[in-house]
Amino acid sequence: MEETAKAAKQQFNVRPNAQAISAAERATLLEDPGFGRVFTDHMVVIKYSDDRGWYDAEVTARAPLSIDPACSVLHYAQEIFEGMKAYRTQDGGAVLFRPDANARRFRQSAERLAMPLIPEELFLEAVRQIVSIDRDWVPSGEGALYLRPFMFGSEVMLGVRPSSEYLFLVIASPAGNYFKGGKDAVTIWVSNDYTRAAPGGTGAAKCGGNYAAGLLPQAQAVANGCDQVVFLDAVERRWVDELGGMNLFFVFDDGSINTPPLGTILPGITRDSLLTIARDRGIKVSESPYAIDQWRADAESGRLRETFACGTAAVITPVGEVRSVDGNFKIGDGGAGPVAKELRKTLTDIQRGNAPDPHGWVQKAY
Ligand code: PLP
Ligand code: COI
């Protein structure tokens with residue numbers, strides 16, 4: 001394993017950005033970065049071709065890419081991505097949370113989109129390289145450096161077949177709250193018209209196309225005064241799947257928690273971590289289908305105490321209200337519940353190296 005890591009490291013040609021943003025400007029940008037608007041000085045680029053495999057790995061100044069108008073991704077959307085974070089630790093270093101899980105999921109997404117599988121160690125080294133060179137961009141306090149590894153088909157051709165060439169990149173973006181205004185709880189809109197993922201489709205893969213298909217229902221959510229859209233299953237239009245960019249958890253009056261089962265949803269790393277943390281604490285957890293009508297009935301009867309969304313960008317965000325064409329319902333008192341608060345604290349303490357890490361989830365970033 002150590003040999004592989006060394007080999008991956010040696011492959012990178014590092015060319016620091018000669019026009020990096022000044023320390024003063026960076027400090028201003030880090031004051032309130034929001035989500036996905038501010039970017040660091042560098043990017044990682046690795047090329048792939050069927051003939052050569054992975055080659056020309058470099059860390060270089062972040063800059064626009066020049067691509068041919070017939071580049072295959074622009075036509076058939078052969079693109080996948082990951083979302084992960086580097087956290088500032090108290091000793092001034094930076095750590096990654098379960099980066100190996102992101103590397104594995106990236107390979108699973110690649111498989112579904114008929115793309116080459118990047119070696120796990122090369123993916124991890126690419127991530128470590130960007131955090132290392134852009135280490136001054138890792139926010140302290142509540143924020144984190146959001147990392148976006150992604151890959152797309154770059155062959156110039158219009159044939160409908162897998163591209164024979166790819167670009168793998170990692171960009172980095174200091175991030176605060178995903179939801180503007182750092183609300184206590186968000187309001188979500190049930191999409192009756194559209195679904196996100198059908199059995200046999202790409203729901204479990206993190207591909208750009210899934211998000212493109214979610215933009216119209218997300219816009220409808222916003223038009224109805226909501227922050228996010230929640231999708232129901234594509235077959236019966238009855239079972240709660242997930243949000244446009246987060247998984248969902250339900251907390252009941254007997255202290256148990258439930259989350260929809262894997263299949264068509266994205267297998268969230270936050271979801272998996274919370275299931276583990278909850279089990280460790282002796283909380284009864286299940287991964288069972290949950291119907292929209294049951295959700296409403298349980299919220300109204302008080303059997304359901306809390307609902308929260310979770311993901312890398314959203315961390316844990318309580319859901320206060322659900323709106324739909326069939327009427328709205330409130331969850332609990334509409335604010336953040338104690339279980340969501342407690343799990344959020346436990347998770348973020350582990351992620352930032354402020355609590356014991358019994359599962360070995362946290363790794364030094366450089
Ligand atoms: N579901 C969707 C559709 C997502 O985009 C995300 C975010 O990555 C998640 C769930 C949560 O996944 P994770 O916890 O791995 O960030
Ligand atoms: C993430 O949490 O990493 C995601 O990709 C979700 C996206 C909506 C920003």
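Is aspartate 56 buried, partly exposed or exposed? Aspartate 56 is partly exposed, with a relative accessible area of 45%. Here buried means under 20% relative accessible area, exposed means over 50%, and partly exposed is in between (1.4 Å probe, protein chains only).

## Before we start

This is a predicted model, in which local features need pLDDT of at least 70, side-chain atom pairs count only at pLDDT 80 or more, and totals for chains, interfaces and linings use all residues. Residues are numbered from 1 along each chain as its sequence is written, chains are lettered from A and ligands numbered from 1 in the order in which they are written, and side-chain values use heavy atoms, with hydrogens and water left out.

Let's return to aspartate 56, which lies in strand E3 (residues 53-61). Helices (H or I, at least four residues) and strands (E, at least two) are DSSP runs, numbered from the N terminus. Aspartate 56 is not a glycine, yet it has a positive phi of about 55 degrees.

Alanine 77 is not a glycine either, and its phi is positive too, near 60 degrees. You can find alanine 77 in the loop between helix H3 (73-76) and strand E4 (79-81). With 38% relative accessibility, alanine 77 counts as partly exposed.

Now look at strand E5 (residues 84-88): five of its five residues are buried, so E5 is largely enclosed by the rest of the structure. In a regular strand the side chains alternate between the two faces of the sheet. In E5, Met84, Ala86 and Arg88 point one way, while Lys85 and Tyr87 point the other way.

Two strands pair if DSSP finds at least two bridges between them. E5 pairs with strand E7 (residues 144-153) in the antiparallel sense, over three bridges; methionine 84 has leucine 147 in E7 as its bridge partner. Three bridges also join E5 to strand E6 (residues 94-97), again antiparallel, and here arginine 88 stands opposite alanine 94. E5 and E6 form a hairpin with five residues between them, and glycine 92 in the turn has a positive phi of about 90 degrees.

## How helices H4 and H5 meet

Two packed helices are described by the angle between their axes and the distance between the axes. Helix H4 (residues 99-112) packs against helix H5 (residues 120-133) at an angle of about 125 degrees, with the axes 9 Å apart. That angle makes H4 oblique to H5. Axes are lines fitted to C-alpha atoms, for helices over the stretch in contact, and angles run from 0 to 180 degrees between N-to-C directions. Angles under 35 degrees count as roughly parallel, over 145 as roughly antiparallel, 65 to 115 as roughly perpendicular and the rest as oblique.

Contact means heavy atoms within 4.5 Å. Among the residues that make this contact are Pro99 and Phe106 of H4 and Phe123 and Leu124 of H5.

Cysteine 207 sits in the loop between strand E9 (186-190) and helix H6 (208-223), and it is buried, with a relative accessible area of 4%. Not counting residues up to four places away in sequence, cysteine 207 touches Glu79, Ile80, Phe81, Leu113 and Thr202. Cysteine 207 and glutamate 82 are 125 residues apart in sequence but 8.8 Å apart in space, C-alpha to C-alpha.

Glutamate 165 belongs to strand E8 (residues 165-175) and is partly exposed, with a relative accessible area of 36%. The C-alpha atoms of glutamate 165 and valine 222, which are 57 residues apart along the chain, are separated by 38 Å.
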